[in-house]
Amino acid sequence: MARAVELAPERATVAVATSTPFIRLLTAQGREALEERTRTLHALANRYEITEDSLTAENARMPHDMSLEILERSAWVLGSGAITLRALSYWRMGDHGIGDYLNATCSTVGEMLDTVTKHISLLHDGIRVSMREEDDVTLVTCELHDDVAQHHWYAENTLGKIIVELRNAFGGGSIPGLLRAYFAHSAPSYEKEYQPVFRVHTDFAHGENALVFQTSALDTPMPTADPVLHSLLQRQAAAMLPTRRAHRTLIDRVRTVAREELATSYGDQSRVAKRLGMSSATLRRKLEQEHHIRYTNILSDIRKDIAVTCLSQSSLSIDEIGRRAGFSQKTAFYRAFKRWLGCTPAEYRLANRVR
């Protein structure tokens, strides 16, 4: 049985199949919108060192950061931040693979919600969906893991997808027991676009992302239930779940993104912070208060590592090594290297060259 295509275990990944409704949305905007997305995908595949053929493979996945950049560019093309809400109307059964059928064949609403919590990583292994009871209601919550670049689009899409799937199962009518929706972020400029999707009262800046159900309604039978098929799909889905990602600290994540940014922005802190889903000020505060380190120190260590590795293990020119280490000027590279090791790059290479 084919397993999901997996990337480096330290990166959160997203199933490429989740792009299908977004592609339909952009296609509806015209050829130029779709062509722009294709150009973006091509450029990002090169930057993330992923072959475009691998993105068309069965059960293909892409890094979370890459999916976020595609969403940001697509939202710009669309001219609206409501891209994830609008894409939900373009979803069709089977777009997201086996998970769609696994959910639809559940026996009850409660089983369907529980199935989502156990199999969300089929779509995104950096998202956590959970359920908890409070008095007579049950909350289905959604959050991104803390080592993943944050953006409210993912909560919108995940909770919205649950709503669309349930509404589809119940023939487009009301969803049994659904009372309201909560979102952790403030009301966006496109607030009015939530109502057509959720069709219940929506609260913003609530502290968490959640759908609120009347607990007693979770026993409502699903009209699309198929216990035999559901059992077969469960076994297949279990074999397709991505392996658990190793948890990464903020410093690990900063190092990964900063190293990637050396080639395009010389490790600019504001770009690194944006890719991690926070402001430059927040990144600086978290590093200094929680980890007692400055971003400049992390960047300096990365540059040093690149420089000494290239000098000892490659035949690249010293000028090229300086560029790879994120220096725009040769003199700046020489000054930094002398500060790091007390010698020039040429002297270090002569003494440490691997022969």
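Q: Where do I start with confidence, and what is the average pLDDT of the protein?
A: Start with the whole chain, then go to its parts. The model is predicted. The protein averages a pLDDT of 89, and 95% of the residues score at least 70.

Q: Which elements have the lowest and the highest mean pLDDT?
A: Helix H10, residues 250–265, has the lowest mean among the elements, at 82. Helix H4, residues 83–88, has the highest, at 97.

Q: Over which residues does pLDDT stay under 50?
A: That stretch is residues 1–9. The model has 26 contacts beyond four places in sequence for residues 1–9.

Q: How many helices and strands does the protein have?
A: The secondary structure comes to 16 helices and seven strands. The C-alpha atoms fill a box of roughly 75 × 45 × 40 Å along the principal axes.

Q: What percentage of the residues count as buried?
A: Of the 355 residues, 50% count as buried. The protein exposes about 17200 Å². Carbon and sulfur atoms supply 50% of that area.

Q: What share of contacts join residues at least 24 apart?
A: Take the contacts between residues at least 6 apart in sequence. Of these, 69% join residues at least 24 apart.

Q: How do I read strand pairing, and in which sense do S5 and S7 pair?
A: First the general idea: in a regular strand, side chains alternate between the two faces of the sheet. Now the case here. Strand S5 (residues 178–182) and strand S7 (residues 209–214) pair in the antiparallel sense, over four bridges. Ala 181 stands opposite Leu 211 in S7.

Q: How many bridges join S5 to S6?
A: Three bridges join them, and S5 and S6 (residues 201–203) run parallel. Arg 180 stands opposite His 201 in S6.

Q: Is Thr 40 buried or exposed, and why?
A: Buried means under 20% relative accessible area. Thr 40 has 12% relative accessibility, so Thr 40 counts as buried. Thr 40 lies in helix H2, residues 31–47. Leaving aside neighbours within four places in sequence, Thr 40 is in contact with Ile 70 and Arg 73.

Q: Which residues is Cys 310 in contact with, beyond its neighbours within four places in sequence?
A: The partners are Leu 316, Ile 321 and Arg 349. Cys 310 lies in helix H13, residues 295–313. Cys 310 is buried because its relative accessible area is 13%. Cys 310 and Arg 324 are 14 residues apart along the chain, and their C-alpha atoms are separated by 9.0 Å.

Q: Which residues form a nonpolar patch on the surface?
A: Val 228, Leu 229 and Leu 232 form it, with about 270 Å² of accessible area together. Leu 232 is in helix H9, residues 227–240. Its relative accessible area is 46%, so Leu 232 is partly exposed.

Q: How do I read a phi value, and what is the phi of Glu 49?
A: Most residues other than glycine have a negative phi. Phi of Glu 49 is near 55 degrees, a positive value in a residue other than glycine. Glu 49 is in the loop between H2 and strand S2 (61–63). At 75% relative accessibility, Glu 49 counts as exposed.

Q: Where is Arg 199, and what is its phi?
A: Arg 199 is in the loop between helix H8 (195–198) and S6. Its phi is positive, about 55 degrees, although Arg 199 is not a glycine. With a relative accessible area of 47%, Arg 199 is partly exposed.

How values were computed
Residues are numbered from 1 along each chain as its sequence is written. This is a predicted model: local features need pLDDT of at least 70, side-chain atom pairs count only at pLDDT 80 or more; totals for chains, interfaces and linings use all residues. Side-chain values use heavy atoms; hydrogens and water are left out. Helices (H or I, at least four residues) and strands (E, at least two) are DSSP runs, numbered from the N terminus. Buried means under 20% relative accessible area, exposed over 50%, partly exposed in between (1.4 Å probe, protein chains only). Contact means heavy atoms within 4.5 Å. Patches are made of residues with over 30% relative accessible area and no salt bridge: like charges are joined within 9 Å, nonpolar side chains (Val, Leu, Ile, Met, Phe, Trp, Tyr) within 5 Å. Accessible areas come from the Shrake-Rupley method with a 1.4 Å probe; for residues, only the protein chains shown count as cover. A salt bridge is a side-chain nitrogen of Lys or Arg within 4 Å of a carboxyl oxygen of Asp or Glu. Two strands pair if DSSP finds at least two bridges between them. pLDDT is the predictor's confidence in each residue, from 0 to 100.
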